[in-house]
Amino acid sequence: MGSLRALTKQAVRRYLSDEGGAATVEFVIIAPLFFAIVFSTFEAGWLMTKSMMLDRGLDMAVRDLRVDLINPATKQNIKKAICDYSKILDNCETQIVLEMVNINNINDYPATNAQCYDRVNTVEPVTGFVVGGRSTTMFIRACVVVDPIFPFLGLGLEMPKDPSGGIRMVSYSAFVNEPS
């Protein structure tokens, strides 16, 4: 009996003093945090790129609209111009939602949040769209829903999402129609 106890103590000491696998424990603790940071960095960069391209597309289309290069100035033609300038947005022409209103005073700015395409029900919300006349101040807003690269990790997990799992991106601009 004494020798079995001694053998058991000796085996337990050997087991507790064995340092093989210590690196594995450290890796298991640190790796998820490290990968979340790395993937969140890629996610943030990609979302920022898409957001900047939406801003650029809207700015360039507004420039064309202001000097009457988009003719006729219909909602579909403006969407096409925005999507042509911001090339990296997926299904842009079908999923971008535009709102354009005439601004006469401070109370004319839209009071609601931007309406985005409902990808669950595949419905484009009804928004105001007025082209405006010469020398009128116009406010235009574009909304598009994009998918995160890593929706279940890091930044992609924490971003607010719509029911389809997409992230809403909104860009807006104000301009004055040029007299012709």
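Predicted model: local features only at pLDDT ≥ 70, side-chain atom pairs only at ≥ 80, totals over all residues.

Because Glu99 belongs to strand 1 and Arg141 to strand 2, the pair ties together parts that are 42 residues apart in sequence. Arg141, at 10% relative accessibility, counts as buried too.

## Other salt bridges

The whole structure holds five salt bridges, and side chains of opposite charge can pair when their charged atoms come close. Lys50 is buried, with a relative accessible area of 4%, whereas Asp90 is exposed, with a value of 54%.

Another salt bridge is formed by Asp84 and Lys80, whose closest N and O atoms are 3.0 Å apart. Both residues lie in helix 3, four residues apart, which is about one turn of the helix. Asp84 is partly exposed at 35% relative accessible area, and Lys80 likewise counts as partly exposed, at 40%.

## The largest nonpolar core

In soluble globular proteins, nonpolar side chains tend to be buried together. The largest nonpolar core of this model has 25 residues, and among these Leu54, Ile78 and Ile82 touch the most other members. At least two residues of this core come from each of helix 2 (22–66), helix 3 (75–85), strand 1 (97–103), strand 2 (137–146) and strand 3 (167–176). Helix 2 gives the most, with six residues.

When residues up to four places away in sequence are not counted, Ile78 touches Ala61, Leu65, Ile70, Ala73, Leu98, Met100, Phe129 and Ile140.

## Two further buried residues

Ala73 is found in the loop between helix 2 and helix 3, and at 19% relative accessibility it counts as buried. Leaving aside neighbours within four places in sequence, Ala73 is in contact with Leu65, Ile78, Phe129 and Val131. Ala73 and Val131 are 58 residues apart in sequence, yet their C-alpha atoms are 6.8 Å apart in space.

Ser173 has its place in strand 3 and is buried, with a relative accessible area of 13%. Beyond four places in sequence, the residues that Ser173 touches are Leu58, Asp59, Val62, Met138, Phe139 and Ile140.

Methods:
Residues numbered from 1 in each chain as written. Heavy atoms only, no water. Core = buried A, V, L, I, M, F, W, Y, C linked by side-chain atoms within 4.5 Å. Buried < 20%, exposed > 50% of the residue type's maximum accessible area, 1.4 Å probe, protein only. Contact = heavy atoms within 4.5 Å. Salt bridge = Lys/Arg side-chain N within 4 Å of Asp/Glu carboxyl O.
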